[in-house]
Amino acid sequence: MLTEQDYTAAAERHLDMVYHVALNWLRSPADAEDAAQNAMLRLWRTDTAFQSGEHLRRWLVKVTVNECKRIAMHPWRSRRASLEECPEPVFEDREQRELYQAVMDLPGKYRVPLYLYYYEGYAVNEVGELLGLKPSTVQTRLARGREKLKTILTEE
């Protein structure tokens, strides 16, 4: 079980990442805040002994993805969530900002693996574990997502 200091340090270190994973999955700031809050609450209540900082990070991503799935299945949730009022990460140049926006415009089955792979730095096997997919499925979705990005970006 985490001490209050350990929890506070983990929350400060990982809350932004948890929120961005949830936002990427749910595409709604309010729902992403709920998912992030629930994931942090699960961290507070867990009695899991984390072996390392990376183990804690992976556990948080898995809990966040599961929480997003739960929220997405809720019958009261609007099926049409938009990213218009979402805070966008700050990028140094225009190309990075345009690329990020193009990734966020992709369908979820391509967007989430691309985000976890490129922006969060997970390997294909790890993305598969986190999303409950086979590594070959993750590779296919990454390849198709890159193809769609290429099409979108060359049209502009």
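Of the 156 residues in this protein chain, 41% count as buried. Keep in mind that this is a predicted model.

**Overall picture**
- The accessible surface comes to about 9600 Å², and carbon and sulfur atoms account for 48% of that.
- Take the contacts between residues at least 6 apart in sequence: 65% of them join residues at least 24 apart.

**How α1 and α2 pack**
- Two packed helices are described by the angle between their axes and the distance between the axes.
- For helix α1 (residues 4–26) and helix α2 (residues 29–45), that angle is about 145°, and the axes lie 8 Å apart.
- The crossing of α1 past α2 is right-handed.
- On the α1 side, the residues that meet α2 include His14, Leu15, Val18 and Tyr19; on the α2 side, Ala36, Ala39, Met40 and Leu43 are among them.
- Sorted by class, this α1 contact with α2 has 17 nonpolar, one polar and three charged residues.

**The nonpolar core**
- The largest nonpolar core holds 45 residues, and Val18, Met40, Leu43, Leu60, Val61 and Leu116 have the most contacts inside it.

**A look at Leu60**
- What does Leu60 touch, leaving aside its neighbours within four places in sequence? Leu60 is in contact with His14, Val18, Ala39, Met40 and Leu43.

Technical notes: Residues are numbered from 1 along each chain as its sequence is written. This is a predicted model: local features need pLDDT of at least 70, side-chain atom pairs count only at pLDDT 80 or more; totals for chains, interfaces and linings use all residues. Side-chain values use heavy atoms; hydrogens and water are left out. Buried means under 20% relative accessible area, exposed over 50%, partly exposed in between (1.4 Å probe, protein chains only). Contact means heavy atoms within 4.5 Å. Accessible areas come from the Shrake-Rupley method with a 1.4 Å probe; for residues, only the protein chains shown count as cover. Axes are lines fitted to C-alpha atoms, for helices over the stretch in contact, and angles run from 0 to 180 degrees between N-to-C directions. Helices (H or I, at least four residues) and strands (E, at least two) are DSSP runs, numbered from the N terminus. A crossing is left-handed if the near helix is turned anticlockwise from the far one by less than a right angle, and right-handed if clockwise. Ala, Val, Leu, Ile, Met, Phe, Trp, Tyr, Cys and Pro count as nonpolar, Asp, Glu, Lys and Arg as charged, and the others, Gly among them, as polar. A nonpolar core is a set of buried Ala, Val, Leu, Ile, Met, Phe, Trp, Tyr and Cys residues joined through side-chain atoms within 4.5 Å.
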